[in-house]
Amino acid sequence: MIKVGVFGAHGRMGSEVVAAVQGAADTEYVAGVDSGDDREAVRGADVVVDFTHPDAVMDNLRWLIEQGIHAVVGTTGFDDAKLAELRGLLDAHPGAKVLLAPNFGIAAVLMMHFAKLAAPYFESTEIIELHHPNKADAPSGTATRTAELVAAARRDAGAAAMPDATTAEVPGARGADIDGVRVHALRITGMIAHQEIVFGTHGETLTIRHDSMNRASFMPGVLLGVREVAGLPDPLTIGLEPLLGLE
Ligand SMILES: NC(=O)c1ccc[n+]([C@@H]2O[C@H](COP(=O)([O-])OP(=O)(O)OC[C@H]3O[C@@H](n4cnc5c(N)ncnc54)[C@H](O)[C@@H]3O)[C@@H](O)[C@H]2O)c1
Ligand SMILES: O=C(O)C1=N[C@H](C(=O)O)CCC1
């Protein structure tokens, strides 16, 4: 049995994770920790799953790594500075492994993979992400990672800069520039998590769309992470792709 703790246990995602861990045959739920609770409650866990807040996650990870507890992290809002700090912490405290995935939906991971494959064949690519209005970070972690994957695939293929004649712009009208890829973030009541990647070339367009209909959709990916994290080859793994044989 894999002993599992949950940080953010009272939240929208954390409560789904508690139910998934309690329902799986090979995992044992140790404890849940939410804002203000003592993290000591998860001592004894092999793995802690973190779905908290971009402002809280680094402090949680520092503690877990110092205790040698593996972490499966869904919390978003990671930038280069946070990733560098995380790598430093893992170097200083060998033992704990961290799996950090901006999206645990298997179909969402496939969407990112397909976008990476398509990117070199199109002059233009833009991303539209649509989420519920309670989300703290924009653009989403998924959109940011998709933009980075598209940009890297275009660079590897020697693609020219995307055409864009805009010279007069109301700030924000063209979205955020992530590694040269425009990302547009919508916050819409009633939605959960959705994304479109729109590709265009002469006379043809391609749109790849993914929709999460509920938060249970993320649980197969979270449980896969819980099962695999201890055996991952590197201290830090970003994205679920290697666990699905996609790279
Ligand atoms: N990777 C994925 O597949 C995926 C899917 C959905 C959401 N997310 C991300 O997960 C995060 C949480 O999303 P949510 O919708 O569940 O948010 P939420 O606000 O519903 O839940 C977050 C919970 O964390 C708690 N919390 C805050 N600080 C804490 C701390 N220091 N220790 C313990 N608990 C703390 C809050 O009280 C809250 O209960 C966000 O960053 C979101 O973008 C990722
Ligand atoms: O609900 C959220 O918040 C989500 N966040 C992730 C992101 O930022 O990509 C994944 C989808 C849901």
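This note sets out numbered points on a predicted model.

1. Basis. The model is predicted: local features need pLDDT of at least 70, side-chain atom pairs count only at pLDDT 80 or more, and totals for chains, interfaces and linings use all residues. Residues are numbered from 1 along each chain as its sequence is written, while chains are lettered from A and ligands numbered from 1 in the order in which they are written.

2. UniProt positions follow the numbering used here, feature names are shortened, and annotations may be inferred rather than shown by experiment. Residues 2–104 are 35% helix and 23% strand, with end C-alpha atoms 19 Å apart; for residues 108–231 the figures are 30% helix, 29% strand and 23 Å. Helices (H or I, at least four residues) and strands (E, at least two) are DSSP runs, numbered from the N terminus.

3. Ligand 1. There are 27 residues around ligand 1, of which G8, G11, M13, A56 and G74 come nearest; a residue is near a molecule if its C-beta atom, placed from the backbone, lies within 6 Å of it. Helix α1 (residues 12–23) supplies the largest share of this shell, 3 residues. By class, the shell has 10 nonpolar, 13 polar and 4 charged residues. Here Ala, Val, Leu, Ile, Met, Phe, Trp, Tyr, Cys and Pro count as nonpolar, Asp, Glu, Lys and Arg as charged, and the others, Gly among them, as polar.

4. Ligand 2. The residues surrounding ligand 2 are T76, P102, N103, H131, K135, S140, G141, T142 and A193. They divide into 2 nonpolar, 6 polar and 1 charged.

5. UniProt lists R39 under "binding site" in an unreviewed entry. R39 lies in the loop between β2 (27–33) and β3 (47–50). R39 counts as partly exposed because 17 other C-beta atoms lie within 10 Å; the class falls between buried (20 or more other C-beta atoms within 10 Å) and exposed (12 or fewer), with C-beta atoms placed from the backbone. Not counting residues up to four places away in sequence, R39 touches V33 and W63, contact being C-beta atoms, placed from the backbone, within 7 Å.

6. Residue P233. The loop between α6 (219–228) and β11 (236–238) holds P233. P233 is exposed because it has 7 C-beta neighbours inside 10 Å. The C-alpha atoms of P233 and K97 are separated by 8.8 Å, although the two residues are 136 residues apart along the chain.

Key:
Contact = placed C-beta atoms within 7 Å.
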